[in-house]
Amino acid sequence: MPKINESELKKEIKSGNFKNAYLLYGEESYLKEYYASELKNKIVDKTFEAFNFHYFDGKDTELDDILKDAQMLPMMSEYNFVILPNPQDLGENYEGETSI
């Protein structure tokens with residue numbers, strides 16, 4: 001996955017030409033939340049949000065659950081949107097094995 005800067009991300013959001021995955025990182029939590037919201041608003045059709053939008057906080061989440069939803073085919077949409085805003089909290093209780 002190539003690294004893109006903020007202006008390239010803005011262009012992708014505007015054009016609707018999305019990659020398979022995005023990793024939003026940096027010190028500005030506002031910007032991470034803003035661009036995650038912008039991506040969600042462009043990608044997720046409100047009609048099928050219950051099927052195509054998956055939010056995990058990380059603390060009480062198993063990696064297998066995230067991967068299952070990430071690999072799920074989208075319903076009546078081109079994309080399935082999975083967000084994990086606190087990945088640093090993931091895996092505190094994880095004991096299984098998984099393959100990506």
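A polar contact is a pair of N or O atoms within 3.5 Å; within protein, one of them must be able to donate a hydrogen and the other to accept it. The views below are taken from a predicted model.

**View 1. The side chain of Asn52 and the backbone of Met75.** A polar atom in the side chain of Asn52 lies 2.8 Å from the backbone nitrogen of Met75. Asn52 belongs to helix 3, which covers residues 49–52. With a relative accessible area of 2%, Asn52 is buried, because buried means under 20%. Apart from neighbours within four places in sequence, Asn52 is in contact with Val44, Pro74, Met75, Ser77, Tyr79, Asn80 and Phe81.

**View 2. Met75 in its loop.** Met75 is part of the loop between helix 4 and strand 2. Its relative accessibility is 38%, so Met75 counts as partly exposed. When neighbours within four places in sequence are set aside, the contacts of Met75 are Phe48, Phe51 and Asn52. Met75 and Phe51 are 24 residues apart along the chain, and their C-alpha atoms are separated by 6.3 Å.

**View 3. The backbone at Met76.** Met76 is not a glycine, yet its phi is positive, at about 55°. Most residues other than glycine have a negative phi. Met76 lies in the loop between helix 4 and strand 2. A relative accessible area of 64% makes Met76 exposed, because the term applies over 50%.

**View 4. Ile13 and its contacts.** Ile13 is found in helix 1, residues 6–15. Ile13 counts as buried, at 8% relative accessibility. Leaving out neighbours within four places in sequence, the residues in contact with Ile13 are Phe18, Tyr35, Glu38, Leu39 and Lys42. One of these, Tyr35, is 22 residues away from Ile13 along the chain, and the C-alpha atoms of the two are separated by 8.9 Å.

**View 5. The salt bridge between Glu12 and Lys19.** The side chains of Glu12 and Lys19 form a salt bridge with an N to O distance of 3.0 Å. The relative accessibility of Glu12 is 10%, so Glu12 counts as buried. Lys19 has a relative accessible area of 36% and is therefore partly exposed. A search of the whole structure gives 3 salt bridges.

**View 6. The salt bridge between Glu49 and Lys40.** Here the side chains of Glu49 and Lys40 meet, 3.0 Å from N to O. Glu49 counts as partly exposed, with 24% relative accessibility.

**View 7. The salt bridge between Lys68 and Asp69.** The N to O distance in the salt bridge between the side chains of Lys68 and Asp69 is 3.4 Å. Asp69 is buried, at a relative accessible area of 10%.

**View 8. The largest pocket.** The volume of the largest pocket is about 1300 Å³. Its lining is made up of 35 residues, and those nearest its centre are Tyr22, Leu23, Val82, Ile83 and Leu84. At least two lining residues come from each of helix 2 (29–43), strand 1 (53–55), helix 4 (63–71) and strand 2 (81–83). Helix 2 gives the most to this lining, with 8 residues.

**View 9. The chain as a whole, for placing the close-ups.** The chain contains 4 helices and 2 strands. Along the sequence these follow the pattern α-α-α-β-α-β. The chain has 100 residues, of which 22% count as buried. Of the contacts between residues at least 6 apart in sequence, 61% join residues at least 24 apart.

Note on methods. Residues numbered from 1 in each chain as written. Predicted model: local features only at pLDDT ≥ 70, side-chain atom pairs only at ≥ 80, totals over all residues. Heavy atoms only, no water. Buried < 20%, exposed > 50% of the residue type's maximum accessible area, 1.4 Å probe, protein only. Contact = heavy atoms within 4.5 Å. Salt bridge = Lys/Arg side-chain N within 4 Å of Asp/Glu carboxyl O. 1 Å grid on protein atoms, 1.4 Å probe; cavity = no way out; pocket = protein on both sides within 12 Å on 5 of 7 lines; lining within 4 Å. Points joined across faces, edges and corners; volume = space filled by probe spheres on them.
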